[in-house]
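Reader: Hi! Could you walk me through this structure in plain words?

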Protein chains: 2
Amino acid sequence: MSAAGTGPRYQAPARGRPRSEAAERAIIEGVMRLLEDGVPLAELSIERVARTAGVGKATIYRRWSGKEELFVDVIRAAEPPDPDLPGTSVRDDLVVLLESLRLRGLAGRSPALLHNVHAQMKSSPGLWAAYHDTVILPRRRLGLEVLRRGRENGELRADVDLELLNDIVVGPLLVRTVLNPDADLPDDLAERVVDTLLEGLRPAGG
Amino acid sequence: MSAAGTGPRYQAPARGRPRSEAAERAIIEGVMRLLEDGVPLAELSIERVARTAGVGKATIYRRWSGKEELFVDVIRAAEPPDPDLPGTSVRDDLVVLLESLRLRGLAGRSPALLHNVHAQMKSSPGLWAAYHDTVILPRRRLGLEVLRRGRENGELRADVDLELLNDIVVGPLLVRTVLNPDADLPDDLAERVVDTLLEGLRPAGG
(Lines give C-alpha, C1' and ligand atoms only; values in the text may rest on other atoms or scores of the structure.)
Protein backbone atom coordinates (compact mmCIF):
# COMPACT_ATOMS: atom_id res chain seq x y z
CA MET A 1 0.00 0.00 0.00
CA SER A 2 1.31 3.43 -0.87
CA ALA A 3 0.70 6.69 0.96
CA ALA A 4 -2.47 7.02 -1.08
CA GLY A 5 -4.05 4.29 1.01
CA THR A 6 -3.22 5.68 4.46
CA GLY A 7 -6.30 7.83 4.87
CA PRO A 8 -9.28 9.41 3.20
CA ARG A 9 -7.36 12.60 2.44
CA TYR A 10 -5.23 10.72 -0.08
CA GLN A 11 -7.92 8.52 -1.59
CA ALA A 12 -7.83 8.22 -5.36
CA PRO A 13 -10.76 9.67 -7.31
CA ALA A 14 -13.58 7.20 -7.94
CA ARG A 15 -13.04 7.15 -11.73
CA GLY A 16 -9.56 5.63 -11.26
CA ARG A 17 -6.78 8.03 -12.18
CA PRO A 18 -3.81 5.84 -13.24
CA ARG A 19 -1.28 5.42 -10.48
CA SER A 20 1.91 7.40 -10.67
CA GLU A 21 4.24 4.74 -12.12
CA ALA A 22 1.75 3.68 -14.79
CA ALA A 23 1.24 7.29 -15.82
CA GLU A 24 4.99 7.85 -15.90
CA ARG A 25 5.46 4.84 -18.16
CA ALA A 26 2.63 5.99 -20.45
CA ILE A 27 4.20 9.44 -20.72
CA ILE A 28 7.68 8.14 -21.52
CA GLU A 29 6.29 5.70 -24.06
CA GLY A 30 4.22 8.49 -25.55
CA VAL A 31 7.31 10.60 -26.13
CA MET A 32 9.13 7.62 -27.66
CA ARG A 33 6.22 6.98 -30.00
CA LEU A 34 6.20 10.60 -31.14
CA LEU A 35 9.96 10.58 -31.71
CA GLU A 36 9.81 7.31 -33.61
CA ASP A 37 7.10 8.86 -35.78
CA GLY A 38 9.66 11.53 -36.66
CA VAL A 39 8.25 14.45 -34.67
CA PRO A 40 11.14 16.89 -34.19
CA LEU A 41 12.14 17.70 -30.64
CA ALA A 42 11.23 21.36 -31.15
CA GLU A 43 7.61 20.43 -31.92
CA LEU A 44 7.28 18.11 -29.00
CA SER A 45 5.20 20.21 -26.61
CA ILE A 46 4.07 19.05 -23.17
CA GLU A 47 0.52 19.44 -24.47
CA ARG A 48 1.15 17.04 -27.34
CA VAL A 49 2.87 14.54 -25.06
CA ALA A 50 -0.08 14.71 -22.66
CA ARG A 51 -2.54 14.06 -25.49
CA THR A 52 -0.52 11.11 -26.81
CA ALA A 53 -0.10 9.57 -23.37
CA GLY A 54 -3.75 10.12 -22.44
CA VAL A 55 -2.92 12.12 -19.31
CA GLY A 56 -3.41 15.72 -18.23
CA LYS A 57 -0.60 18.25 -18.53
CA ALA A 58 -0.62 18.59 -14.72
CA THR A 59 0.32 14.90 -14.42
CA ILE A 60 3.44 15.58 -16.47
CA TYR A 61 4.38 18.72 -14.58
CA ARG A 62 4.01 16.91 -11.26
CA ARG A 63 6.87 14.65 -12.27
CA TRP A 64 9.04 16.79 -14.58
CA SER A 65 9.76 20.51 -14.49
CA GLY A 66 9.66 20.75 -18.28
CA LYS A 67 10.32 19.23 -21.64
CA GLU A 68 14.07 18.91 -21.26
CA GLU A 69 13.91 17.09 -17.95
CA LEU A 70 11.27 14.70 -19.30
CA PHE A 71 13.34 14.12 -22.36
CA VAL A 72 16.42 13.04 -20.43
CA ASP A 73 14.32 10.36 -18.70
CA VAL A 74 13.08 9.17 -22.09
CA ILE A 75 16.64 8.82 -23.34
CA ARG A 76 17.65 7.02 -20.15
CA ALA A 77 14.71 4.63 -20.49
CA ALA A 78 15.77 3.85 -24.08
CA GLU A 79 19.34 3.01 -23.00
CA PRO A 80 20.15 -0.53 -21.91
CA PRO A 81 21.53 -0.83 -18.37
CA ASP A 82 25.30 -0.97 -17.96
CA PRO A 83 26.58 -4.54 -18.22
CA ASP A 84 27.83 -6.73 -15.35
CA LEU A 85 31.57 -7.20 -15.69
CA PRO A 86 33.07 -10.68 -15.24
CA GLY A 87 36.15 -9.28 -13.46
CA THR A 88 38.34 -12.16 -14.69
CA SER A 89 40.76 -9.95 -16.62
CA VAL A 90 40.97 -6.53 -18.19
CA ARG A 91 40.58 -8.18 -21.57
CA ASP A 92 37.34 -9.92 -20.56
CA ASP A 93 35.92 -6.79 -18.94
CA LEU A 94 36.75 -4.64 -21.96
CA VAL A 95 35.19 -7.16 -24.33
CA VAL A 96 31.97 -7.08 -22.27
CA LEU A 97 31.97 -3.27 -22.21
CA LEU A 98 32.52 -2.99 -25.96
CA GLU A 99 30.00 -5.73 -26.65
CA SER A 100 27.41 -3.68 -24.78
CA LEU A 101 28.24 -0.69 -26.99
CA ARG A 102 27.89 -2.90 -30.05
CA LEU A 103 24.50 -4.24 -28.95
CA ARG A 104 23.38 -0.73 -28.13
CA GLY A 105 24.42 0.31 -31.61
CA LEU A 106 22.44 -2.54 -33.17
CA ALA A 107 19.39 -1.81 -31.01
CA GLY A 108 19.50 1.89 -31.81
CA ARG A 109 19.19 1.21 -35.50
CA SER A 110 15.81 -0.33 -35.96
CA PRO A 111 13.67 2.36 -34.33
CA ALA A 112 16.02 5.04 -35.67
CA LEU A 113 15.19 6.67 -32.37
CA LEU A 114 18.63 7.19 -30.92
CA HIS A 115 20.30 8.36 -34.11
CA ASN A 116 17.81 11.10 -34.84
CA VAL A 117 17.32 12.11 -31.25
CA HIS A 118 21.03 12.14 -30.52
CA ALA A 119 21.51 14.61 -33.33
CA GLN A 120 18.68 16.84 -32.16
CA MET A 121 19.91 16.67 -28.61
CA LYS A 122 23.31 18.01 -29.53
CA SER A 123 21.63 21.18 -30.79
CA SER A 124 20.29 21.83 -27.29
CA PRO A 125 23.11 22.59 -24.82
CA GLY A 126 20.96 22.01 -21.73
CA LEU A 127 19.66 18.70 -22.96
CA TRP A 128 23.08 17.56 -24.05
CA ALA A 129 24.59 18.41 -20.66
CA ALA A 130 21.85 16.46 -18.89
CA TYR A 131 22.31 13.47 -21.20
CA HIS A 132 26.06 13.65 -20.70
CA ASP A 133 25.75 13.66 -16.90
CA THR A 134 23.15 10.91 -16.58
CA VAL A 135 24.06 8.51 -19.40
CA ILE A 136 27.53 9.11 -20.80
CA LEU A 137 29.45 9.95 -17.63
CA PRO A 138 28.47 6.86 -15.56
CA ARG A 139 29.36 4.60 -18.50
CA ARG A 140 32.68 6.38 -18.90
CA ARG A 141 33.43 5.96 -15.19
CA LEU A 142 32.85 2.22 -15.53
CA GLY A 143 35.36 2.02 -18.37
CA LEU A 144 37.92 4.09 -16.49
CA GLU A 145 37.54 1.82 -13.47
CA VAL A 146 38.35 -1.28 -15.55
CA LEU A 147 41.39 0.41 -17.06
CA ARG A 148 42.62 1.64 -13.68
CA ARG A 149 42.43 -1.92 -12.33
CA GLY A 150 44.31 -3.17 -15.38
CA ARG A 151 47.09 -0.67 -14.86
CA GLU A 152 47.39 -1.58 -11.19
CA ASN A 153 47.45 -5.31 -12.05
CA GLY A 154 50.15 -4.79 -14.62
CA GLU A 155 47.85 -6.04 -17.38
CA LEU A 156 48.12 -2.65 -19.10
CA ARG A 157 51.10 -0.36 -19.64
CA ALA A 158 51.51 2.26 -16.99
CA ASP A 159 52.75 5.08 -19.26
CA VAL A 160 49.45 6.08 -20.91
CA ASP A 161 46.90 8.19 -19.07
CA LEU A 162 43.58 6.56 -18.30
CA GLU A 163 41.46 9.11 -20.15
CA LEU A 164 43.43 8.52 -23.32
CA LEU A 165 43.32 4.74 -22.85
CA ASN A 166 39.56 4.98 -22.50
CA ASP A 167 39.16 7.02 -25.71
CA ILE A 168 41.40 4.54 -27.52
CA VAL A 169 39.29 1.62 -26.32
CA VAL A 170 35.81 3.04 -26.94
CA GLY A 171 36.71 5.12 -30.02
CA PRO A 172 36.32 2.41 -32.68
CA LEU A 173 32.92 1.35 -31.36
CA LEU A 174 31.65 4.90 -31.09
CA VAL A 175 32.80 5.59 -34.65
CA ARG A 176 30.74 2.63 -35.85
CA THR A 177 27.65 3.21 -33.74
CA VAL A 178 27.29 6.97 -33.30
CA LEU A 179 29.26 8.66 -36.07
CA ASN A 180 28.75 6.18 -38.87
CA PRO A 181 25.56 4.31 -38.11
CA ASP A 182 25.68 2.29 -41.34
CA ALA A 183 28.98 0.66 -40.42
CA ASP A 184 29.38 -3.07 -40.01
CA LEU A 185 28.90 -4.41 -36.45
CA PRO A 186 29.94 -8.08 -36.75
CA ASP A 187 29.50 -10.49 -33.81
CA ASP A 188 33.21 -10.64 -33.03
CA LEU A 189 33.84 -6.88 -33.25
CA ALA A 190 34.36 -6.28 -29.51
CA GLU A 191 36.88 -9.13 -29.24
CA ARG A 192 38.75 -8.08 -32.36
CA VAL A 193 39.05 -4.49 -31.21
CA VAL A 194 40.23 -5.40 -27.71
CA ASP A 195 42.75 -7.99 -28.90
CA THR A 196 44.12 -5.70 -31.61
CA LEU A 197 44.54 -2.88 -29.10
CA LEU A 198 46.19 -5.10 -26.50
CA GLU A 199 48.68 -6.58 -28.98
CA GLY A 200 49.29 -3.38 -30.93
CA LEU A 201 49.29 -2.66 -34.65
CA ARG A 202 52.90 -3.67 -35.33
CA PRO A 203 53.45 -7.19 -36.60
CA ALA A 204 54.28 -9.71 -33.85
CA GLY A 205 58.06 -9.72 -33.27
CA GLY A 206 58.38 -6.63 -35.50
CA MET B 1 43.25 38.79 -66.54
CA SER B 2 40.34 36.38 -66.44
CA ALA B 3 37.95 35.48 -69.26
CA ALA B 4 35.92 38.54 -68.34
CA GLY B 5 38.63 40.73 -69.85
CA THR B 6 39.09 38.95 -73.19
CA GLY B 7 36.46 40.84 -75.16
CA PRO B 8 33.45 43.12 -75.09
CA ARG B 9 31.04 40.15 -74.96
CA TYR B 10 32.25 39.34 -71.46
CA GLN B 11 32.50 42.86 -70.17
CA ALA B 12 30.94 43.40 -66.77
CA PRO B 13 27.86 45.61 -66.58
CA ALA B 14 28.62 49.27 -65.93
CA ARG B 15 27.18 49.20 -62.38
CA GLY B 16 29.56 46.38 -61.55
CA ARG B 17 27.68 43.19 -60.71
CA PRO B 18 30.21 41.16 -58.72
CA ARG B 19 31.91 38.54 -60.82
CA SER B 20 30.91 34.94 -60.30
CA GLU B 21 33.70 33.93 -57.88
CA ALA B 22 33.29 37.02 -55.74
CA ALA B 23 29.54 36.47 -55.53
CA GLU B 24 30.07 32.84 -54.66
CA ARG B 25 32.44 33.80 -51.86
CA ALA B 26 30.01 36.42 -50.56
CA ILE B 27 27.18 33.87 -50.54
CA ILE B 28 29.19 31.22 -48.71
CA GLU B 29 30.44 33.76 -46.18
CA GLY B 30 26.89 35.01 -45.74
CA VAL B 31 25.69 31.52 -44.82
CA MET B 32 28.60 31.10 -42.40
CA ARG B 33 27.80 34.41 -40.74
CA LEU B 34 24.16 33.42 -40.30
CA LEU B 35 25.12 30.04 -38.85
CA GLU B 36 27.65 31.60 -36.51
CA ASP B 37 24.93 33.96 -35.35
CA GLY B 38 22.97 30.88 -34.35
CA VAL B 39 20.34 30.86 -37.10
CA PRO B 40 19.03 27.27 -37.29
CA LEU B 41 19.44 25.46 -40.58
CA ALA B 42 15.67 25.17 -40.95
CA GLU B 43 15.28 28.96 -40.94
CA LEU B 44 18.06 29.56 -43.40
CA SER B 45 16.08 30.37 -46.54
CA ILE B 46 17.65 31.22 -49.90
CA GLU B 47 15.97 34.58 -49.57
CA ARG B 48 17.66 35.30 -46.27
CA VAL B 49 21.02 34.15 -47.59
CA ALA B 50 20.61 36.44 -50.63
CA ARG B 51 19.80 39.40 -48.39
CA THR B 52 22.79 38.74 -46.13
CA ALA B 53 25.19 38.27 -49.04
CA GLY B 54 23.84 41.29 -50.91
CA VAL B 55 23.00 39.34 -54.06
CA GLY B 56 19.79 38.43 -55.83
CA LYS B 57 18.16 35.02 -55.33
CA ALA B 58 18.79 34.27 -59.02
CA THR B 59 22.55 34.57 -58.44
CA ILE B 60 22.32 31.82 -55.84
CA TYR B 61 20.12 29.58 -57.99
CA ARG B 62 22.51 29.94 -60.93
CA ARG B 63 25.18 28.20 -58.87
CA TRP B 64 23.24 25.89 -56.52
CA SER B 65 20.03 23.98 -57.09
CA GLY B 66 18.87 24.63 -53.55
CA LYS B 67 19.64 25.10 -49.90
CA GLU B 68 21.12 21.66 -49.31
CA GLU B 69 23.56 21.85 -52.19
CA LEU B 70 24.68 25.33 -51.12
CA PHE B 71 25.07 24.15 -47.60
CA VAL B 72 27.42 21.31 -48.52
CA ASP B 73 29.72 23.85 -50.20
CA VAL B 74 29.65 25.96 -47.05
CA ILE B 75 30.69 23.00 -44.95
CA ARG B 76 33.42 22.12 -47.43
CA ALA B 77 34.71 25.71 -47.38
CA ALA B 78 34.87 25.57 -43.57
CA GLU B 79 36.94 22.38 -43.63
CA PRO B 80 40.72 22.61 -43.88
CA PRO B 81 42.23 20.84 -46.91
CA ASP B 82 43.56 17.32 -46.38
CA PRO B 83 47.19 17.38 -45.22
CA ASP B 84 50.25 16.47 -47.32
CA LEU B 85 51.72 13.23 -46.05
CA PRO B 86 55.49 12.93 -45.53
CA GLY B 87 55.48 9.29 -46.75
CA THR B 88 58.51 8.45 -44.60
CA SER B 89 56.71 5.78 -42.55
CA VAL B 90 53.23 4.70 -41.57
CA ARG B 91 53.86 6.16 -38.15
CA ASP B 92 54.76 9.58 -39.57
CA ASP B 93 51.82 9.59 -41.98
CA LEU B 94 49.37 8.60 -39.26
CA VAL B 95 50.70 11.28 -36.93
CA VAL B 96 50.16 13.90 -39.66
CA LEU B 97 46.64 12.62 -40.35
CA LEU B 98 45.66 12.63 -36.69
CA GLU B 99 47.31 16.00 -36.15
CA SER B 100 45.09 17.42 -38.90
CA LEU B 101 42.04 16.01 -37.08
CA ARG B 102 43.29 17.58 -33.86
CA LEU B 103 43.79 20.99 -35.50
CA ARG B 104 40.39 20.73 -37.14
CA GLY B 105 38.92 19.99 -33.71
CA LEU B 106 40.62 23.04 -32.21
CA ALA B 107 39.57 25.27 -35.13
CA GLY B 108 35.98 24.06 -34.96
CA ARG B 109 35.65 25.21 -31.37
CA SER B 110 35.98 28.94 -31.49
CA PRO B 111 33.28 29.75 -34.04
CA ALA B 112 31.10 26.91 -32.68
CA LEU B 113 30.12 26.59 -36.31
CA LEU B 114 30.99 22.99 -36.98
CA HIS B 115 29.66 21.59 -33.72
CA ASN B 116 26.22 23.10 -34.06
CA VAL B 117 25.97 22.61 -37.81
CA HIS B 118 27.19 19.03 -37.63
CA ALA B 119 24.37 18.25 -35.24
CA GLN B 120 21.76 19.93 -37.41
CA MET B 121 23.11 18.25 -40.49
CA LYS B 122 22.67 14.80 -39.01
CA SER B 123 18.93 15.50 -38.74
CA SER B 124 18.77 15.94 -42.51
CA PRO B 125 19.46 12.65 -44.33
CA GLY B 126 20.09 14.33 -47.71
CA LEU B 127 22.51 16.84 -46.28
CA TRP B 128 24.28 14.24 -44.22
CA ALA B 129 24.75 11.98 -47.24
CA ALA B 130 26.18 14.86 -49.25
CA TYR B 131 28.54 15.82 -46.44
CA HIS B 132 29.58 12.21 -46.08
CA ASP B 133 30.38 11.85 -49.78
CA THR B 134 32.25 15.12 -50.23
CA VAL B 135 34.07 15.55 -46.91
CA ILE B 136 34.19 12.37 -44.84
CA LEU B 137 34.71 9.79 -47.56
CA PRO B 138 37.78 11.38 -49.26
CA ARG B 139 39.45 11.80 -45.85
CA ARG B 140 38.67 8.21 -44.99
CA ARG B 141 40.15 7.03 -48.30
CA LEU B 142 43.36 8.87 -47.49
CA GLY B 143 43.63 7.06 -44.14
CA LEU B 144 42.88 3.68 -45.69
CA GLU B 145 45.59 4.30 -48.29
CA VAL B 146 48.21 4.93 -45.59
CA LEU B 147 47.17 1.79 -43.72
CA ARG B 148 47.19 -0.33 -46.88
CA ARG B 149 50.75 0.82 -47.63
CA GLY B 150 51.75 0.00 -44.04
CA ARG B 151 50.37 -3.51 -44.33
CA GLU B 152 52.14 -4.09 -47.62
CA ASN B 153 55.42 -2.76 -46.17
CA GLY B 154 55.13 -5.00 -43.15
CA GLU B 155 54.97 -1.99 -40.85
CA LEU B 156 51.51 -3.09 -39.70
CA ARG B 157 50.14 -6.53 -38.85
CA ALA B 158 48.42 -8.23 -41.74
CA ASP B 159 45.65 -9.94 -39.77
CA VAL B 160 43.36 -6.95 -39.13
CA ASP B 161 41.11 -5.59 -41.83
CA LEU B 162 41.81 -2.08 -43.06
CA GLU B 163 38.41 -0.66 -42.20
CA LEU B 164 38.79 -1.77 -38.60
CA LEU B 165 42.37 -0.47 -38.44
CA ASN B 166 41.12 2.87 -39.69
CA ASP B 167 38.38 3.09 -37.07
CA ILE B 168 40.91 2.15 -34.38
CA VAL B 169 43.28 4.89 -35.54
CA VAL B 170 40.79 7.75 -36.00
CA GLY B 171 38.42 6.72 -33.18
CA PRO B 172 40.20 8.42 -30.27
CA LEU B 173 40.52 11.72 -32.16
CA LEU B 174 36.90 11.67 -33.29
CA VAL B 175 35.78 10.97 -29.74
CA ARG B 176 37.65 14.07 -28.57
CA THR B 177 36.69 16.39 -31.41
CA VAL B 178 33.21 15.39 -32.55
CA LEU B 179 31.57 13.46 -29.72
CA ASN B 180 33.07 15.23 -26.75
CA PRO B 181 34.05 18.70 -27.93
CA ASP B 182 35.20 19.80 -24.47
CA ALA B 183 37.89 17.11 -24.29
CA ASP B 184 41.56 17.92 -23.95
CA LEU B 185 43.49 18.21 -27.26
CA PRO B 186 47.14 18.51 -26.10
CA ASP B 187 49.91 19.25 -28.63
CA ASP B 188 51.33 15.72 -28.49
CA LEU B 189 47.96 13.93 -28.75
CA ALA B 190 48.44 12.61 -32.31
CA GLU B 191 51.88 11.18 -31.50
CA ARG B 192 50.73 9.62 -28.25
CA VAL B 193 47.74 7.95 -29.89
CA VAL B 194 49.74 6.57 -32.82
CA ASP B 195 52.62 5.29 -30.66
CA THR B 196 50.26 3.73 -28.13
CA LEU B 197 48.35 1.97 -30.90
CA LEU B 198 51.49 0.75 -32.65
CA GLU B 199 53.01 -0.67 -29.44
CA GLY B 200 49.76 -1.95 -27.96
CA LEU B 201 48.23 -1.58 -24.53
CA ARG B 202 50.08 -4.48 -22.87
CA PRO B 203 53.22 -3.59 -20.94
CA ALA B 204 56.43 -3.98 -22.97
CA GLY B 205 57.68 -7.54 -22.68
CA GLY B 206 54.41 -8.54 -20.96
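Author: Happy to; here is a short tour, from the chain to the interface and then to single residues.
Author: This is a predicted model, where local features need pLDDT of at least 70, side-chain atom pairs count only at pLDDT 80 or more, and totals for chains, interfaces and linings use all residues. Residues are numbered from 1 along each chain as its sequence is written, chains are lettered from A and ligands numbered from 1 in the order in which they are written, and side-chain values use heavy atoms, with hydrogens and water left out.

Reader: Thanks! How many helices and strands does chain A have?
Author: Chain A has nine helices and zero strands, and its pattern along the sequence reads α-α-α-α-α-α-α-α-α. Helices (H or I, at least four residues) and strands (E, at least two) are DSSP runs, numbered from the N terminus.

Reader: And what share of chain A counts as buried?
Author: 44% of the 206 residues of chain A count as buried. Buried means under 20% relative accessible area, exposed over 50%, and partly exposed in between, with a 1.4 Å probe and protein chains only. Chain A exposes about 10,700 Å², and carbon and sulfur atoms supply 51% of that. Those areas come from the Shrake-Rupley method with a 1.4 Å probe; for residues, only the protein chains shown count as cover.

Reader: What about contacts within chain A between residues at least 6 apart in sequence?
Author: Of those contacts, 61% join residues at least 24 apart. Contact here means heavy atoms within 4.5 Å.

Reader: Let's switch to the interface. How many residues of chain B are in contact with chain A?
Author: 37 residues of chain B are in contact with 37 residues of chain A. The area buried between the two chains is about 3,900 Å², with 61% from carbon and sulfur atoms. Buried area is the accessible area (1.4 Å probe) that two parts lose on being put together, summed over both.

Reader: How many salt bridges are there between chain B and chain A?
Author: There are six salt bridges between chain B and chain A. A salt bridge is a side-chain nitrogen of Lys or Arg within 4 Å of a carboxyl oxygen of Asp or Glu. One of them pairs Arg202(A) with Glu199(B), at 3.0 Å from N to O.

Reader: Which helices of chain B supply at least two residues of the side that touches chain A?
Author: Helix 6 (113–122), helix 8 (162–179) and helix 9 (189–199) of chain B each do. Helix 8 of chain B gives the largest share, 13 residues. By class, that side of chain B has 19 nonpolar, seven polar and eleven charged residues. Ala, Val, Leu, Ile, Met, Phe, Trp, Tyr, Cys and Pro count as nonpolar, Asp, Glu, Lys and Arg as charged, and the others, Gly among them, as polar.

Reader: Is Arg140(A) buried or exposed?
Author: Arg140(A) is buried, at 17% relative accessible area, whereas Glu163(A) is partly exposed at 37%.

Reader: Which residue forms a salt bridge with Asp73(B)?
Author: Arg63(B) does, with the closest N and O atoms 3.5 Å apart. Asp73(B) is in helix 4 (residues 67–78) and Arg63(B) in helix 3 of chain B, ten residues apart. Asp73(B) counts as buried at 11% relative accessibility, and Arg63(B) as partly exposed at 37%.

Reader: Last one: what do the buried residues of helix 9 of chain A pack against?
Author: They pack against helix 5 (90–107) and helix 8 of chain A, together with helix 8 and helix 9 of chain B. The buried residues of helix 9 (residues 189–199) of chain A include Leu189(A), Val193(A) and Leu197(A). After helix 9 of chain A comes Gly200(A), with a positive phi near 90 degrees.
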